[in-house]
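I opened the model to look up a few packing details. The notes follow in the order I took them.

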Amino acid sequence: MKTCSRRDFLTQTALPAAVVGGSIAAGGCAPRPSQGNGPAVHTGKTYRWKMVTTWPPHFPVMGEGADNLAKWIKDMSAGRLEIQVYGGGELVPALQAFEAVSQGTAEMGHGASYYWAGKAPAAQFFAAVPFGMNAQQMNAWLYAGGGMQLWQEVYAAFDLVPFPIGNSGVQMGGWFNKEIRSINDIKGLKMRIPGLGGKVIAQAGGSAVLSAGGEIYTNLERGVIDATEWVGPYHDFLMGFHKIAKYYYYPGWHEPGTVLEMFVNKRAFEQLPLDLQEIVRAAAYRSNLSLLSELESKNYQYLNTLIDEHGVKVVAFPKDVLDTFRKYAKDVISDLTASDALSKKVYQSFDRFRKQVDGWAEISEKAYYRSVGE
Ligand code: CA
C-alpha cells in the first residue's frame, strides 16, 4: 500500500465531477436482500456504480480501503460491477455521503456510522461506544451476536444496506496543546471528537467539534480547536499532528474498536444478480480483516517513530479523568436511549453482548495479557 505524505492527501484537488457511468438503480421493484433474492441468472450485464466517501481522495488506509474495495469487486466480478470512487467533496461533501446514497445519487458509500448520528442516533452504536467493545468483540457482536440484523434495521429506514469494512482497533486519546491533569482541564476545551465521545467531552465542560478528516490539521494549526483525536499512531503520523500539538494522550477510551462501514443503496443492491451481491459481501469481509491487520502491524512502528524521531510526549490520561469520562459516558448513553426507542433497542443488545464477552475476556484475553506481563 502506497504511503502518502499529509500534504499529498490533503491537497489533492477535488472534483473531476464528470458523472461516470450510468446508474441502473432507478425504477423497478425488487425483493429484500434478507430474503436472498435478486436476479439469479448471470446475464453478463455490466453495472457501473459510484461510491462516495467521507475521506479525502485516496486518504491513507481508509480512502485506500475504499479504492481497494472497488478494485476487488471489479476483479472478482470480472468487470461486471465497476465502481468509481469519489473522495469527500468530489461528488458530494464528505458528510453528505449517507444522504447521497440513501437518495440514489450514488449507489455506495464509505465512512463511519457515528457521522450520521443526527439522522439516525442509533447508528452510533455500530461505530464506537465509549468504554465499549474492542475490534474482536465488535466483529463478534455484528457477525455472530445479532448486531448486523439491528444495523440493517436502522439503515433500512434510509433505504441503505450496511456492511462493516474495517476496524481501527483501540485508538489513541488524541493530541492536546496542554496537559490534562484533572477533569477541570477539559473545561472550555474545543476538541475535534466525533460521536458519543464528543458528548462526554461536552458533559465535562468542553465543546466537541465534528469535522471531516481533511479539515482537522488546519483547524488545530489555526487554533479553531485546541485538541483533536484521530485514530492511532500510523494515521496520526501521516496527518502530521506531532508538528502542531505537544501531548499525545492514551488510551482511546472513546473509540476502543471503531467499525468502518460501507453502505449500499438498497434498491441498487437488490437489483444485482445474486453472485454480484455475494461478491460485494465477500469484498466487505476481506476489507474488514485487511484494514485491522494493517493498522495492528503499523501502529507500534509509527508510535516509535513519533517518540524517537519527533520527540512526542506520550501521556496516559489520569485515572480520575478516565473514571469521570466513564461516568459521563453512562449518562450520555442513558440520555440517548431514553430519547430514542431504536437506540434503546440497539444498546440493549450491545450491552448484553458486551457483558457476556467481558466475562469471557476476564479469563481469556485479559488473563492472557496479564500472563505475558512486560
Ligand atoms: Ca477517532
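**Helix packing**

I began with helix H5 (residues 147–156) and helix H12 (residues 341–363), which pack at an angle of about 165° with their axes 10 Å apart. This is a predicted model, and I read it as such. Angles over 145 degrees count as roughly antiparallel, so H5 and H12 are roughly antiparallel to each other. On the H5 side the contact is made by Leu150, Glu153 and Val154. H12 contributes Leu342, Lys345, Val346 and Ser349 to the contact.

**Aromatic rings**

Next I searched the whole structure for aromatic pairs and got 29. One of them joins tyrosine 114 and tyrosine 115, with 5.4 Å from centre to centre and 70° between the planes. I logged the pair as edge-to-face, because planes over 60 degrees apart count as such.

Are these two tyrosines buried or exposed? The cut-off for buried is under 20% relative accessible area. Tyrosine 114 comes out at 8% and so counts as buried. Tyrosine 115 has 9% and is buried.

I also checked for charges over rings. Arginine 326 lies over the face of phenylalanine 131, 5.5 Å from the ring centre.

**Whole protein**

Last, I noted the totals. I count 13 helices and 11 strands in the secondary structure. Of the 374 residues in the protein, 53% are buried. For contacts between residues at least 6 apart in sequence, I find that 81% join residues at least 24 apart.

Technical notes: Residues are numbered from 1 along each chain as its sequence is written. This is a predicted model: local features need pLDDT of at least 70, side-chain atom pairs count only at pLDDT 80 or more; totals for chains, interfaces and linings use all residues. Side-chain values use heavy atoms; hydrogens and water are left out. Rings of Phe, Tyr and Trp (its six-membered ring) pair if their centres lie within 6.5 Å; planes under 30 degrees apart count as stacked, over 60 as edge-to-face and the rest as tilted. Buried means under 20% relative accessible area, exposed over 50%, partly exposed in between (1.4 Å probe, protein chains only). A charge sits over a ring if NZ of Lys or CZ of Arg is within 6 Å of the ring centre and within 35 degrees of the ring normal. Axes are lines fitted to C-alpha atoms, for helices over the stretch in contact, and angles run from 0 to 180 degrees between N-to-C directions. Helices (H or I, at least four residues) and strands (E, at least two) are DSSP runs, numbered from the N terminus. Angles under 35 degrees count as roughly parallel, over 145 as roughly antiparallel, 65 to 115 as roughly perpendicular and the rest as oblique. Contact means heavy atoms within 4.5 Å.
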